[in-house]
Every structure is written in structure tokens, then in C-alpha cells.
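Let me put the thing up on the screen, and then I'll talk you through it.

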Amino acid sequence: MDSFIGLYNYWIVCLLMGIGFYIVIAHENLIKKLIGLTIFQTAVFYLYISMGKISGGTAPILDDKWQLYSNPLPHVLILTAIVVGIATTALGLALVVRIQEAYGSIEEHEIQQQNAQDQLECQLEAYGFKKNHILSPKSLEE
Amino acid sequence: MSYHYPVLQVIIPLIGAPLCLLLQIPRLVGLFAIVVSGAAFLISCGLLSQVAANGVLVYELGGWAAPWGIEYRIDYLNSYLLLLVSGISTVVLVAAQSSIKRELPENRHTYFYSAYLLCLTGLLGILATGDAFNVFVFLEISALSSYTLIALGTDRRALTASYQYLIMGTIGATFIIIGVGLMYMMTGTLNMYDLAERLPEVNHSRTVLSAFGFFIVGVCLKLALFPLHLWLPNAYAFAPSIATAFLAATSTKVAVYVLIRYVFSIFGIDYVDSVLPLKAIFLVLGLVGIFAASVSAIYQLNIKRLFAYSSVAQIGYMILGLAIGTKLGLAATLLHMFNHALMKGALFLAIGSIVFRINSSQLNHLAGLGRKMPWTMAAIVIGGLSLVGVPLTVGFVSKWYLVLALLEKGWWVVTVLVLLSSLLALIYVWRIVEWVYFTPPRIILDDVREAPLSQLIPVWLLVLANIYFGLDTSLTVGVSKLAAEALFGLLGAGH
């Protein structure tokens, strides 16, 4: 039981990771998906930071007052990963804005419906069900 | 100067990308990108010859020695792929000049080229680096810029494709970083060479096992292994043609490289065999992927999507080579990585020319184009035959070695299945031939002409490379065998 509680930081990481992953999979709203993705990534940040932590340890400052240091490298690494995470979230949100402009919705099933319609139109045209199947390249541009 | 080649390779496009934004004139930006990518190509030629002469190159960034500092480690495997990626990128950029002008509004040209160069930086960085965490960083550089490249496509579905790729790609990259973190936890090092030495001491632990599991799933998402490939077809279909040509030819191959590097150089094939029936998993997923994706490709109406599904199938062949688990199988995988890049580069560039002229990649719009654009269509046919694996093309060479490796192992059933799957490829290539040459035009093609020379030359350069490397296999087969032997550790570290 000691080890179960003693590893509480890893349980928190697992829980957060599960929550984030679930949101990404289960939610329809594109922004909520991104929030889930961020929670998922944050869980990994915690994993790294708790890895380098030594109880009672402090930042590696050369001074007689402190003898016990935490490992700073995981913090540095995860700083990079946080930056990457922010870039991903920003890019994702920018895409959501553009999707909203193009589809008028950020609900996944509505977007998929519209995509399916686009697809169907292409197919109808391919099999000659549409009257205007004789098109010039110029009219395709429009 | 030549001492700094390993890092210049990555630094030049990295600096080139923001310079593109400063160079506001659209015409110059394109030329500038060619120069940057060409410089990277020349350097990678130099690197391959240096590796051939002196063996493994080790470059310490900032003069910090390996376990503490970051090192770039170039052996046969990376230098061969560096050459491939920078070469394809340069050829694609030449064709990009006219194609991008047609497909993108002028104010987006600079963004396109700077995202393209960043993507190139990421891919070259993944290949060059000898540091496990650096792989993640470069992976994200290339991934973020490829999301941008895909979202630049004109169809609105490009946006959703890019979003879907972003979600799946980020999950994959996060899994990889978890794997790297867990490995660091056990060994205290991030250097690949160091990791390979220290992991055996701790590899009985559950931490290393879960690191391995996370890592494999993450990389398989990135390389679009069969059940994890869902992001790929839409992303390739709706991206600008040039972006598709570049990504299809290089990015999944680089992910396969990461898989090979970790499985063979870091975890070691013995460990992998002892904890997970990875070969059996790869065998099944590879075969199912080949068949499922080829059948999907047959039903596609968009020629870009068709070849995107065929890419998933070709990744199946590469994974199958790994599943064999012998030197020859690994050599076949490496060979197919190189050859598939040549085929898909040629095919997607040719499709780019079609889109340039008729502004559509729907199969039914291609009807009758065989007479109007004979050279482009001939390129597609040759590329398609190469995909099928017809003799005199590179596709034949890689299938030949794959079959040899399978027979060496005595896997008759798999051999027959591989040969049968080529017939599926023949069906989807034949569908294109039928539309292009034997169907009356569905759209008015009066003012459609052959693609401009600036696009035909890159396309045919790659098509001729397809034929040349199909006839003269000394370079490709030689280097992939050397790389495979080095990975199995029979020749030391690449000598």
C-alpha cells in the first residue's frame, strides 16, 4: 500500500492522461478536442517534472546552504515540449477558426456531413448523373 | 568547412525559412528556396562520400562531448536518407515555382516556402541527430510545418484534413516523448549511442517495457501503419500538389527511419524479440495494410487519394521487410524506402502538372488527357508500373529483394500474398490508364496543353531515376546492404 500511495504523482499523471485522451476521442466540438489534447500533453509535462524531483531537493544553486539538488535536465527538456505544445495548440485553434469560416460549424458530425456531401457531389459527377458534366477547365476554376 | 557538414545540413534550411519571410518578393522566394535546398543537397552528397571514406561521423554541437552535449551522428543509414530527402526536396521545389503560382494566391507564397523549408529542416534534423530528445523536437518542427502546408490547400476539406492530422500527429509525438522520458528515467542519458549501451542493464524493468510500447505506438502513428493511417489519405488528397509530392516522398520514410533507428540501434533487436512479438505484429499489420489499402485505392475517384492509399500499402511492404527480421529483409525495407520516394515523388509531381492544367484531380476529368499531355501521362504510367513492380523499374528491384528475403526465410505463403498484392496495384494503375487513354473527354480539353518544361523536367528527372536505379542497382542495393549490416552490428559501427 505504501508504494501505491508513494507513487501518487504517477497516478495523477495516468489520470490526467486518461482524461485528456478521453476528451480527444469522445467530444464532438473541435475546441474541446484541443483542450483534451492540451490536458493530455500537460500530463506528460508532469511526468517529466516529477521524474527529476528529489524530495527536499532544490534548484541546482552552488551554495553551502543547499546540498541536495533536483535534476534540472527534465525541466529544461519539458520547457521545450511546453513550447511545442503551445505552438500545436495555437495552430490547432487557428485551424478551428478557419474551419468555422469555411463550414459555419465546429461540431465534428456537422463537418463530416458537409464533407460527405462534397464527396457525393464528386461521385455523382464522376458517374455522369449531373447534367453539367461537360465542363471546361475554366468553369472548374469558379 | 567539411567538418561542419553534419550541422550545416540542418542549419541552412532552418535559417532559410525566416529569411523567406524577410524576402517579400514572391518570385525571388521560390528561387531562394531552391538555392537553400540545393545547398543542403550538395552537403548531403559530401556527407555520403565522407561516410564512405571515413566511416561514422560524429559532430559535437558547441564542442560539448557526447553524453552531456548533443551530438549529430552520421552513418550509412542517415547519410543515404539525407541525400534522398534533400534531393527530392530540391527537385520538387523546381516544379513548385509554376505550380504554386497557380494553386495559391500570391500573398501566401512566402508562407508556403518558409513552411516548406521548416519541414525540410525537421526531416533532415530527425535524420542527422544522435539525441533521442532532439528527434522529438525535429519531429514536431516537421509536423507543425506540414500541418500548415496541408491547410494551405484550396479545397475546404484541406482544413479538416489538417486538423485531423494535427490531433493524430500530436498524440503520436506525445507518445514518443513519453517513451523518451521513461528511457531517460532509467538510464539518465538521452544520447542514442549511450542509451544503446546502458539500456541492456535495466531492460528487465517494466519502465523500459512501457517506454518501448509508447514509443512503438507513437512512431507507428507517425508513419501511418495500417490501422493508424486514417490521417494520411485526406491530408495527401487536399494539400497543395507540391506539398503532397514532398510529404508523400519523404515524411513517412523519415518516420520509418526513426522506427528502424530505435528498434535496431537503441533497444536492440534481441530485446525487442524477447518482450514483444513485434515481428508477428508487423507481419500481420503489414499484410492487412497492403491489401486493405490497395483495395481502397481501387475505389478512389480522386487520383491524389488513390495514390495516397497506395502509399499506405507501400508502407505495408516496408513494415513487412522489418517483420522478416533478417539482414536481407532490412535491406529490402531500406531499398523500398528509397525507391518508393522516387516513385511517389514522380507520380505526385505529375499529378501536380495535371492539376496545373485542368485544375482538378478527379479521375473522370482526366479522360482523354493522354493525347493532350502525353509526356505527363507517360510519366504517370511509368511511375504506376514502378509501383506495380514491373522489371526495369525501381519497384521491381525492391519487390525482388523483398521476395528474396521472404524466400530465404521460407515464408512461401507471404511471398505469394506479396505477389498477389501487386495485381491489386496493377488494377488501380490500369483504371487510370483506361480513363486517360481509352475514354472520350468528359470536359472540354481544347485549350489544354502539355505541362510547362519547368514541371516536366523535374517529373522526368524522377521518372528517369526510377528507370536508372531499376537498371543500375549498385548504389541503392550496395548502400542499403551496408546500412543493414551496420544495424545488425556485424560490421561494427558502419565500417
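Some housekeeping before we go on. This is a predicted model, where local features need pLDDT of at least 70 and side-chain atom pairs count only at pLDDT 80 or more, while totals for chains, interfaces and linings use all residues. Side-chain values use heavy atoms, with hydrogens and water left out, residues are numbered from 1 along each chain as its sequence is written, and chains are lettered from A and ligands numbered from 1 in the order in which they are written.

Let's start with chain A. Its secondary structure comes to six helices and zero strands, where helices (H or I, at least four residues) and strands (E, at least two) are DSSP runs, numbered from the N terminus. Of the 142 residues in chain A, 32% are buried. Buried here means under 20% relative accessible area, exposed means over 50%, and partly exposed is in between, with a 1.4 Å probe and protein chains only. As for contacts, meaning heavy atoms within 4.5 Å, take those in chain A with a separation of 6 or more: residues 24 or more positions apart account for 45% of them.

Now the interface. How many residues of chain B are in contact with chain A? It's 44, and they meet 52 residues of chain A. The area buried between the two chains is about 4,200 Å², with carbon and sulfur atoms giving 70% of that. Buried area, for the record, is the accessible area (1.4 Å probe) that two parts lose on being put together, summed over both. On the chain B side, the residues that lose the most area to chain A are R156(B), R157(B) and Y163(B), together 17% of what that side buries.

On the polar side of things, the rule finds 11 residue pairs in polar contact across the interface, both residues at pLDDT 80 or more. That's a pair of N or O atoms within 3.5 Å; within protein, one must be able to donate a hydrogen and the other to accept it, and residues adjacent in sequence count only if both atoms are side-chain atoms. In chain B, the elements giving two or more residues to the side that touches chain A are α5 (132-151), α6 (157-187) and α14 (327-358). α6(B) gives the most, with 18 residues. By type, that side of chain B divides into 25 nonpolar, 11 polar and eight charged residues. Here Ala, Val, Leu, Ile, Met, Phe, Trp, Tyr, Cys and Pro count as nonpolar, Asp, Glu, Lys and Arg as charged, and the others, Gly among them, as polar.

Back to salt bridges: there are two between chain B and chain A. One of them joins the side chains of R157(B) and D118(A), at 3.8 Å, N to O. Are those two partners buried or exposed? R157(B) is buried, at 8% relative accessible area, and D118(A) is buried too, at 18%. R157(B) also forms a salt bridge with D155(B), the closest N and O atoms being 3.3 Å apart. D155(B) counts as partly exposed because its relative accessibility is 29%.

Elsewhere in chain B, E485(B) and K327(B) form a salt bridge, with the closest N and O atoms 3.8 Å apart. E485(B) is in helix α20 (residues 474-487) and K327(B) in helix α14, so this pair ties together parts 158 residues apart in sequence. Both count as partly exposed, E485(B) at 24% and K327(B) at 33%. And salt bridges that share partners join D118(A), D155(B), R156(B) and R157(B) into one network.

Last stop, one loop residue. H229(B) lies between α8 (206-222) and α9 (231-238) of chain B. It counts as buried because its relative accessibility is 9%. Not counting residues up to four places away in sequence, H229(B) touches A224(B), Y309(B) and V312(B). That's me done.

Definitions and conventions:
Salt bridge = Lys/Arg side-chain N within 4 Å of Asp/Glu carboxyl O.
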